[in-house]
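Thanks for asking me to look this over. Here are my notes, point by point, to read alongside the model.

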Amino acid sequence: MSITDNLQNIKSSIPKHVTLVAVSKTKPVSDIMEAYNTGHKIFGENKIQDMVEKYEVMPKDIEWHMIGHVQRNKVKYMASFVSLIHGVDNFKLLQEINKQALKHDRIINCLLQIKIASEDSKFGMRPNEASEIIQSEKFSELKNIRVVGLMGMATFTQDKEQVVKEFNLLKSTFDSFKKLEIFNFKPKTISMGMSGDYKLAIACGSTMIRVGSSIFGVRNYN
Ligand SMILES: *Cc1c(COP(=O)(O)O)cnc(C)c1O
């Protein structure tokens, strides 16, 4: 099936309140243009350099999401245009995003990445670390960022019960934060679910799914 067919099938199968981020990492501009030409405008990349290169040559009404692990010294390259940074997992990174956003006179939306998987390879903070950051004095000084929710990645496993347990952890963490009233913390997004598990994620309360291979086909990393 074509990219267009895949995209339309997924879009027609998910509820309206769920946002689809089409994960275009490793894929050429021509593939992304095919998706764009169906009317889709939200794309996710996991390497800042690749995202910048694509941003430069592609239509400017695309919303670019950074879904990968972010190195602090590279934030400056995307600060002028990135629309949501999913993988924020420490306070120093928030400070750097704030500093770069200020330079561009913008407010950059971020998600805090929570470690929900049992695998050591996955990044993220513990729920209590995130809670401490959000409620700290120094967080309230960051006027050029807005934390709009949480992101998580489940363990890569066929064990659905395990995955549901992890998604439920992200949802309950989100719910426990919802009552906090802080000007730069406005939680509305739960980013969870990929090609293999987005249906489960939606059933567990996801409001934003990040789907790559089910749209663009398998990735070739060579
Ligand atoms: C690659 C990636 C995805 C998409 O993965 P698929 O299995 O191809 O849908 C989603 N989220 C993150 C953080 C990724 O790195």
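1. A word on terms before we start: "buried" here means under 20% relative accessible area. Please also keep in mind that this is a predicted model.

2. Let's begin with helix H1, which spans residues 3–13 and has Ile3, Asn6, Leu7 and Ile10 buried. These residues sit on the same side of H1, because they cover an arc of only 95° around the axis. An α-helix has 3.6 residues a turn, so residues three or four places apart point the same way. The cover over the buried residues of H1 includes strands S1 (19–23) and S8 (208–211), along with helices H2 (29–36), H9 (198–203) and H10 (213–216).

3. Now to the ligand. Its surroundings include Val23, Ile67, Met151, Met153 and Arg219. A polar side-chain atom of lysine 25 is 2.7 Å from a ligand oxygen atom, and a backbone N or O atom of serine 213 is 2.8 Å from an oxygen atom of the ligand. Arginine 210 has a side-chain N or O atom 2.9 Å from a nitrogen atom of the ligand. Taken alone, the ligand exposes 390 Å², and the protein buries 90% of that.

4. Finally, the aromatic rings: the whole structure has three aromatic pairs. Phenylalanine 43 and tryptophan 64 form a tilted pair, because their ring centres are 6.1 Å apart and their planes are at 40°. Phenylalanine 43 belongs to strand S2 (residues 42–45) and tryptophan 64 to strand S3 (residues 63–66), so the pair ties together parts 21 residues apart in sequence. Both phenylalanine 43 and tryptophan 64 are buried.

5. Phenylalanine 177 and phenylalanine 185 have ring centres 6.2 Å apart and planes at 70°, so this pair is edge-to-face. Phenylalanine 177 and phenylalanine 185 are both buried.

How values were computed: Residues numbered from 1 in each chain as written. Predicted model: local features only at pLDDT ≥ 70, side-chain atom pairs only at ≥ 80, totals over all residues. Heavy atoms only, no water. Buried < 20%, exposed > 50% of the residue type's maximum accessible area, 1.4 Å probe, protein only. Helix = DSSP H or I, 4+ residues; strand = E, 2+ residues; numbered from the N terminus. Arc of directions from axis to C-beta. Contact = heavy atoms within 4.5 Å. Near = heavy atom within 4 Å. Polar contact = N/O pair within 3.5 Å; in protein donor to acceptor, adjacent residues only side chain to side chain. Areas by Shrake-Rupley, 256 points an atom, 1.4 Å probe, with all protein chains shown as cover. Phe/Tyr/Trp six-rings, centres within 6.5 Å; stacked < 30°, edge-to-face > 60°.
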